[in-house]
Amino acid sequence: MQIPHDTRGALDVVVALVNTAAEADEPDGLADVGSLREFVREYKISDVGELGARDLAGVRAVRNKFAQIFAAQGTRAAAGLINELVATAGTTPQLTNHDDYDWHVHYFAPGASLGDHLAADGGMALAFIVVSGEQERLRRCEAPDCRRAFVDLSRNRSRRYCDSRTCGNRLHVAAYRARRKEADAGPSEQEEIVHRGEQQQGADHP
């Protein structure tokens, strides 16, 4: 899938922002203004002034909207959420080539808050995905212990796991070990494995 470099960059920020949300085993990645400043530095977000508590609250609200778009059931629902997001942000498309980047489009209005900045650029990047008929590429990791967001850019839309925790490798190794364990088990042990599986099925379906 061909994505303009500015859109790709905005999608990277959207995914990173969604993945700052607290999980069962991880704290909120935007716990305070200091962590928000670090996020801005890490992702080289331009035209950002002094940040405060209001900016933190605004960015967290945008994060929730992005998460809702990833969870949207169907194009109409996703489009409605994106329209609401960019309308609230007040988009003002403008060409720019700052910081050694080639010409690209910024959608946030000059002087916009950081929340509106992310909502405008991220919202339009997500709109590109929806308009291209590629909403299903907005995914969550399928590993049982991970729900991190990612954009599946594989040619055949086959990616199932995020790459931030090597989830795919972990599950493949676990499956391989399980197969080896079953193959190494003697006949009586294999029968016991099958018997336990049948008992479990019976318990699941009374």
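**A walk through the salt bridges and cores**

Start by selecting R137 and E134: these two form a salt bridge, with their closest N and O atoms 2.9 Å apart. (A salt bridge here is a side-chain nitrogen of Lys or Arg within 4 Å of a carboxyl oxygen of Asp or Glu.) R137 is buried at 3% relative accessibility, and E134 is buried too, at 11%. For the cut-offs, buried is under 20% relative accessible area, exposed is over 50%, and partly exposed is in between, using a 1.4 Å probe and protein chains only.

Before moving on, note that this is a predicted model, where local features need pLDDT of at least 70, side-chain atom pairs count only at pLDDT 80 or more, and totals for chains, interfaces and linings use all residues. Residues are numbered from 1 along each chain as its sequence is written, and side-chain values use heavy atoms, with hydrogens and water left out.

Next, pick R160 and E142, another salt bridge, with the closest N and O atoms 3.0 Å apart. R160 sits in the loop between β4 (149–151) and α6 (167–184), while E142 is in the loop between β3 (138–140) and β4, so the pair ties together parts 18 residues apart in sequence. (Helices are DSSP runs of H or I, at least four residues, and strands are runs of E, at least two, numbered from the N terminus.) R160 is partly exposed at 43%, as is E142 at 46%.

Now select E134, E136, R137, R139, D152 and R157 together: salt bridges that share partners join them into one network.

How many salt bridges does the structure hold? There are 12. One more to show is K65 with E84, at 2.7 Å from N to O. K65 lies in helix α3 (residues 53–71) and E84 in helix α4 (residues 75–89), so this pair links parts 19 residues apart in sequence. Both K65, at 24%, and E84, at 41%, are partly exposed.

Time to go inside. The largest nonpolar core has 42 residues, and L17, F66, I69, F70, L114, L118 and L126 touch the most other members. (Such a core is a set of buried Ala, Val, Leu, Ile, Met, Phe, Trp, Tyr and Cys residues joined through side-chain atoms within 4.5 Å.) Colour α5 (114–131) among the contributing elements: the largest share, nine residues, comes from α5.

Centre on L126 and show its contacts (heavy atoms within 4.5 Å). Leaving out residues up to four places away in sequence, L126 touches L11, V14, F66, I69, F70, I82 and L138.

Last stop: a second, separate core of seven residues, including C141, A143, C146 and Y161.
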